[in-house]
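Please look over the model below before reading on. My points follow it.

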Amino acid sequence: MIDFFEFQLRPRVLYKAGLVDDIGPEIANLGAQRALIVADEGVARAGLLDRVRAGLERSITVAGIFAEAPPNSSVAAVARGADYARECGADLIVAVGGGSPIDTAKAMRILLTEGGRLHDYEGYNLLTRSLTPMIAIPTTAGTGSEVTAWAVIRDEVARMKLAFSSIYLAPDLAILDPEMTLSLPPGLTAATGIDALVHAIESFVGSNANPISDSLALQAIDMISNNLRDATYDGSDIEPRGQMLIASCIAGMAFSGGGGSLGIVHALAHAIGGAFETHHGTANAILLPYGMQFNSVAVPNRFARIARAMGVNSGGRSEEDVIADGIRCRCAGRRLAGDRRDRPRRRGALCQPTPGDLRRRAGDRPRRMVTRHGDTEHCVSVSPCLVSEAPYLPPLTQRSYYRAISQVEMCSWVGIPHSSAWIAVRD
Ligand SMILES: [Zn+2]
């Protein structure tokens, strides 16, 4: 029975291949005169900013380009970007890139409008008025940040991620142009695509799920399952690129509009990213099968529906059978997350760290730190299976949870940026 739910969406969304070349008429509605483009080095190197700049200059002045967003957006980068925006006299922020430039731009607007320290606005609904207008142009299909009311910023000093949530953080306009994703390399296509999949899965099984977020999440899971491999292996094909871009946007709407927080996979991915700067999508890819196993105890019927949305063949078994034992949900997790037998065996590749490895590399400290941050991270609060209940779960599930943490730590130490997500989309 549904007692209450909330669902809200902010940005206007436009989709069209080649749209960035002709965004002038859309900008006129925002009433801005001087735009600051926020991006990262990779986007600048790929030459994507020239196109955006030319498109903007058909109707507005481009006051400057801040292409210094780090791979994990940081408090220092946000402060530098906000200072630069003030110097330029910018009254519109145009973020071009993946989650980091878009989140950096979102947080810069807090400092531009409210001033003070960024930390003062960490948390839920601490903003009370509209911020500097913003357009988001994603160049990855993963974060959905172009339509979410969230920004996640790394505090380099505390080595943890800060989460900001307010409807005012959402951009005013999201431009989905699949041509902007064509140059994304396969590893990043895979890693960011898995991030979108995890957004959809966690919003579907989380305690904030409602009928609207459910319909969005299942649609996203269907589209990602059908297009992630193609987008990864033939990045020049505009069709799967476009499908992934739309799916990632829909998955972003599912979790943001439905109340925000995600679940155990994101809680740990945030904690691990804060501690080790592991790529967010890669951390999610490694953690996903463990998170599914961990949560399947609590909501097996939801995982059976996810399996069906992924196109898992129930093999002639009745729906009740599939739901009853939850086997198919685990199959679905393996199908995208890769079977252990397929994992590379070469030295330094994704192999299980031994206790000796862990001790040699950093003792117990990183694992304790990640576990502590992960257990208290905001996303944990809506995970269907609470970490506080872990001692009462079957021992296998507990072991999986901690094994997953070890595995991501290991990846960070040996410096494997995207291989796990690569495996995740292997046929
Ligand atoms: Zn994510």
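1. How many of the ten residues of helix α11 (residues 300–309) are buried? Eight of the ten are buried, so α11 is largely enclosed by the rest of the structure. A residue is buried if 20 or more other C-beta atoms, placed from the backbone, lie within 10 Å of its own. Among the buried residues of α11 are Arg302, Phe303, Arg305 and Ile306. Just after α11, Gly311 takes a positive phi of about 85°.

2. A word on the source. This is a predicted model: local features need pLDDT of at least 70, side-chain atom pairs count only at pLDDT 80 or more, and totals for chains, interfaces and linings use all residues. Residues are numbered from 1 along each chain as its sequence is written. Helices are DSSP runs (H or I, at least four residues), numbered from the N terminus.

3. Helix α5 covers residues 99–114. At 1.5 Å a residue, its 16 residues should span 22 Å, and its end C-alpha atoms are 22 Å apart, which agrees. The expected span is 1.5 Å times one less than the number of residues. In α5, 13 of the 16 residues are buried, so α5 is largely enclosed by the rest of the structure.

4. Helix α6 (residues 186–205) packs on helix α7 (residues 211–233) at an angle of about 165°, with the axes 9 Å apart. Axes are lines fitted to C-alpha atoms over the stretch in contact, and angles run from 0 to 180 degrees between N-to-C directions. That makes α6 roughly antiparallel to α7 (angles over 145 degrees).

Notes: Helices (H or I, at least four residues) and strands (E, at least two) are DSSP runs, numbered from the N terminus. A residue is buried if 20 or more other C-beta atoms lie within 10 Å of its own, exposed if 12 or fewer, and partly exposed in between; C-beta atoms are placed from the backbone. Angles under 35 degrees count as roughly parallel, over 145 as roughly antiparallel, 65 to 115 as roughly perpendicular and the rest as oblique.
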